[in-house]
Amino acid sequence: MKYRKKPVVVEAVQLTWENWNEVCEFVTLPWGPDGVRGCHSDKGVVSDSGERIGLIIPTLEGEMKAVQGDYIVRGVQGEFYPCKPKIFESTYELVEE
């Protein structure tokens, strides 16, 4: 059997270190400020060596890490998940408002 993905409009923001505050505001809405680890600082999740790693997001499948360049998508039920740029760009197109 073959299936086609239903057309659905989602909200998403691409994670960069320049838009860190915007990403934090976008992702923390359902959980409050303590829901997403890494949003408490402007450095994100940092390794022991001081390198920025990404953002830890609670998803329906458990915690997932988003790294620079990943898209953070708000799904149809208000859930969040990270999506790699190539997958996002092959799955979604910009909707004109």
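Student: What makes two strands a pair, and how many bridges join strand β5 to β6?

Tutor: Two strands pair if DSSP finds at least two bridges between them, and four bridges join strand β5 (residues 71-74) to β6, which run antiparallel, so these two strands meet the definition. Strands, like helices, are DSSP runs numbered from the N terminus, with at least two residues (E) for a strand and at least four (H or I) for a helix. This is a predicted model, in which local features need pLDDT of at least 70, side-chain atom pairs count only at pLDDT 80 or more, and totals for chains, interfaces and linings use all residues. Residues are numbered from 1 along each chain as its sequence is written, and side-chain values use heavy atoms, with hydrogens and water left out.

Student: Why are β1 and β6 placed at the edges of the sheet?

Tutor: The open sheet has three strands in the order β1-β5-β6, with antiparallel pairing. β1 and β6 each have a single partner strand, so one side of each is left without a neighbour in the sheet.

Student: Why is the pair of phenylalanine 26 and phenylalanine 80 called edge-to-face?

Tutor: A search of the whole structure finds three aromatic pairs. Rings of Phe, Tyr and Trp (its six-membered ring) pair if their centres lie within 6.5 Å, and planes under 30 degrees apart count as stacked, over 60 as edge-to-face and the rest as tilted. The centres of phenylalanine 26 and phenylalanine 80 are 5.3 Å apart and their planes stand at 85°, so the pair is edge-to-face. Phenylalanine 26 lies in helix α1 (residues 20-28) and phenylalanine 80 in strand β6 (residues 80-83), so the pair ties together parts that are 54 residues apart in sequence. Both phenylalanine 26 and phenylalanine 80 are buried, a term for under 20% relative accessible area, with exposed over 50% and partly exposed in between (1.4 Å probe, protein chains only).

Student: What makes the pair of phenylalanine 88 and tyrosine 92 tilted?

Tutor: Phenylalanine 88 and tyrosine 92 are 4.9 Å apart centre to centre with 35° between the planes, and the pair is therefore tilted, the class for planes that are neither stacked nor edge-to-face. Phenylalanine 88 and tyrosine 92 are both buried, and ring pairs link Tyr71, Phe88 and Tyr92 into a cluster.
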